[in-house]
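This report describes one protein chain. Look at the sequence and the model first, then read the sections below.

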Amino acid sequence: MVNYDKERIYIPTFYCPSPEAVIRPAPEVVTDDEHVVYRQFTYGEYYEKFWDNGLEKCLDIFKTS
């Protein structure tokens, strides 16, 4: 059931991608009117930061602002 009172957070998960695999928003969903919240990063960077910092702090590391 969808909760209409709170925003959702979507976290993509991947099954053993290459450490060089680039994680970024699909170009089709980025527009001049919508700024990108997270910078592009590799799965290797994400994996390292996730285990060092946990999910919430890990995602903050990759924020653009």
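## Overall layout

Read along the sequence, the chain has the pattern β-β-α-α, made up of two helices and two strands. Helices (H or I, at least four residues) and strands (E, at least two) are DSSP runs, numbered from the N terminus. This is a predicted model, in which local features need pLDDT of at least 70 and side-chain atom pairs count only at pLDDT 80 or more, while totals for chains, interfaces and linings use all residues. Residues are numbered from 1 along each chain as its sequence is written, and side-chain values use heavy atoms, with hydrogens and water left out.

The C-alpha atoms fill a box of roughly 35 × 30 × 25 Å along the principal axes. Of the 65 residues, 11% count as buried; buried means under 20% relative accessible area, exposed over 50%, and partly exposed in between (1.4 Å probe, protein chains only).

## The nonpolar core

A nonpolar core is a set of buried Ala, Val, Leu, Ile, Met, Phe, Trp, Tyr and Cys residues joined through side-chain atoms within 4.5 Å. The largest one has seven residues: Ile23, Phe41, Tyr43, Tyr46, Cys58, Leu59 and Phe62. Helix H1 (43-53) and helix H2 (55-61) are the elements that give two or more residues to this core.

Leaving aside neighbours within four places in sequence, Leu59 is in contact (heavy atoms within 4.5 Å) with Ile9, Tyr38 and Tyr46.

## Two residues in the loop

Asp33 lies in the loop between strand S1 (22-23) and strand S2 (41-42). Asp33 counts as exposed because its relative accessibility is 73%. Asp33 and Glu20 are 13 residues apart in sequence, and their C-alpha atoms are 30 Å apart in space.

Val37 also lies in the loop between S1 and S2. Its relative accessibility is 40%, so Val37 counts as partly exposed. Apart from neighbours within four places in sequence, Val37 is in contact with Phe62, Lys63 and Thr64. The C-alpha atoms of Val37 and Asp60, 23 residues apart along the chain, are separated by 9.7 Å.

## The largest pocket

On a 1 Å grid over the protein atoms alone, a pocket is an open set of points where a 1.4 Å probe fits, with protein on both sides within 12 Å along at least five of seven lines; lining residues have an atom within 4 Å of a point. The largest pocket is lined by 21 residues, of which Tyr10, Pro12, Pro25, Val37 and Tyr38 lie nearest its centre.
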